[in-house]
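Good morning, colleagues. Please look at the sequence and the model as we begin.

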Amino acid sequence: MTAPAHPTVDVVKIAGNIGAEISGVDLAADLDDGTVSLIRGALLEHKVVFFRGQDLDTASHERFARRFGTPTVAHPTVPALDGAPAVLDLDYGRTTSRANHWHTDVTFVQRPPLGSILRAVTIPPYGGDTVWANTAAAYTDLPAELRELANRLWVVHSNQYDYAAYKPSDDDEAARRHRQVFTSIDFETEHPVVRVHPETGERALVLGGFAGRFVGWTAEDSRELLRLFQTHITALENTVRWRWAPGDVAFWDNRATQHYAVADYGTLPRRVQRITLAGDVPVSVDGSPSRAVSGDDTAYNTDLVHPADER
């Protein structure tokens, strides 16, 4: 358990391999450096941290995010919340297709986010939980032969949909509209299956829903091995499930996790808002960086709120 920087701050594990709840912190306040350091340390140790009962708006949400990095624009293709270029407004069932698949955020670009900070705005009375998985623990738990194979493999990530994997819910009007916007710019990147975490030095698997095939392999040949790696990532012992309440905030290390938003709330409203922090180019175990095949993520990773020449 991370030692608190202030006696009123507690960090409590909520699952064996991932996840902790931090209490005694008002995220809307002007946080001191010690509290920021505590949160960062807890994030690196537990991969995802949760805060209950926060009173954030879009401005204080972004102010909190800036203590840990530079916010990206909301998304490479999906428009931001009006008046808030860094905020992705996820109003599921109304304007946004549900993210009920395992993924790491925006891995189809060369520089995926460092982390994501999600706050609950409207939460259904039941359902709508989110589940996270620890991709560093999953790598460690692989049999030695699979680890050695993973160290050598690269995988193609894309924002183009896998039409063979469609579900009936993918064909409603909101899903079709979202899909058209999401794929309006073609992004494709080759990432190592195993990246070295730039802060902890841990090795973590880079897979999830945007991973389509291994470099040099067909999609058909790739499918079963991708599935095998995914079963290790999403083993129940390697996950944490969060029951949302309005005002909750989740902050996860996007370099060492996957997550899944459970779509079990029917037509009830569920609205959350996300800010992502600019990350770096993943590096393989032999030091090779990820390679962009199509799409330029420069605009996505540009701080439009505070351009470099005005800082």
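Predicted model: local features only at pLDDT ≥ 70, side-chain atom pairs only at ≥ 80, totals over all residues.

Which residue lies over the face of Trp154? It is Arg291, at 4.0 Å from the ring centre.

Let us turn to the chain as a whole. The protein chain has six helices and 16 strands. Of its 311 residues, 51% are buried. The accessible surface comes to about 13,600 Å², and carbon and sulfur atoms account for 51% of that surface. If we take the contacts between residues at least 6 apart in sequence, 82% of them join residues at least 24 apart. Several of the examples that follow concern such pairs.

I begin the details with helix H1, residues 33-46. The buried residues of the helix are Thr35, Val36, Leu38, Ile39, Ala42, Leu43, Leu44 and His46. Against what do they pack? The partners are strands S1 (10-13), S2 (20-23), S3 (48-51) and S13 (249-253), together with helix H2 (58-66).

Directly after H1 comes Lys47, in the loop that leads from H1 to S3. Is Lys47 buried or exposed? Lys47 has a relative accessible area of 3%, and therefore counts as buried. A second residue of this kind is Val106, with a positive phi near 55°. Val106 is placed in the loop between S4 and S5, and Val106 is likewise buried, with a relative accessible area of 3%.

Asp57 caps its N-terminal end, with a side-chain oxygen 3.2 Å from the backbone nitrogen of Ala59. Within H2, the residues Ser60, His61, Glu62, Phe64 and Ala65 are buried. Their cover includes H1, S5, S13 and strand S15 (270-277).

Now to the aromatic rings. A pair of aromatic rings is described by two quantities, the distance of the centres and the angle of the planes. In this model the count comes to 13 aromatic pairs. One of them is formed by Phe68 and Phe251, whose centres are 5.1 Å apart and whose planes stand at 75°, an edge-to-face arrangement. This pair links distant parts of the chain: Phe68 belongs to the loop between H2 and strand S4 (88-92), Phe251 belongs to strand S13, and 183 residues separate them. Phe68 and Phe251 are both buried.

Another pair is that of Phe108 and Phe187, which is tilted, with 5.8 Å from centre to centre and 45° between the planes. Here too, distant parts of the chain are linked, with the two residues 79 apart. Phe108 sits in the loop between S4 and strand S5 (115-122), and Phe187 in the loop between helix H5 (173-182) and strand S8 (188-192). Both Phe108 and Phe187 are buried.

These two phenylalanines bring us to Ser158, which touches both of them. Where is Ser158 placed? It is in strand S7, residues 154-158. Apart from residues up to four places away in sequence, Ser158 touches Phe108, Asp186, Phe187, Glu188 and Phe210. Its side chain reaches the backbone nitrogen of Gln160 at 3.0 Å. Ser158 counts as buried because its relative accessibility is 14%, and the cut-off for buried is under 20%.

I close with the tryptophans. Ring pairs link Phe50, Trp132, Trp242, Trp244 and Trp252 into a cluster. Among these, Trp132 lies in strand S6, residues 130-134, and it is buried, with a relative accessible area of 0%. How many residues apart in sequence are Trp132 and Ile233? They are 101 residues apart, while their C-alpha atoms are 9.7 Å apart in space.

Definitions and conventions
Residues numbered from 1 in each chain as written. Heavy atoms only, no water. Buried < 20%, exposed > 50% of the residue type's maximum accessible area, 1.4 Å probe, protein only. Helix = DSSP H or I, 4+ residues; strand = E, 2+ residues; numbered from the N terminus. Contact = heavy atoms within 4.5 Å. Phe/Tyr/Trp six-rings, centres within 6.5 Å; stacked < 30°, edge-to-face > 60°. Lys NZ or Arg CZ within 6 Å of the ring centre and 35° of its normal. Areas by Shrake-Rupley, 256 points an atom, 1.4 Å probe, with all protein chains shown as cover. Polar contact = N/O pair within 3.5 Å; in protein donor to acceptor, adjacent residues only side chain to side chain.
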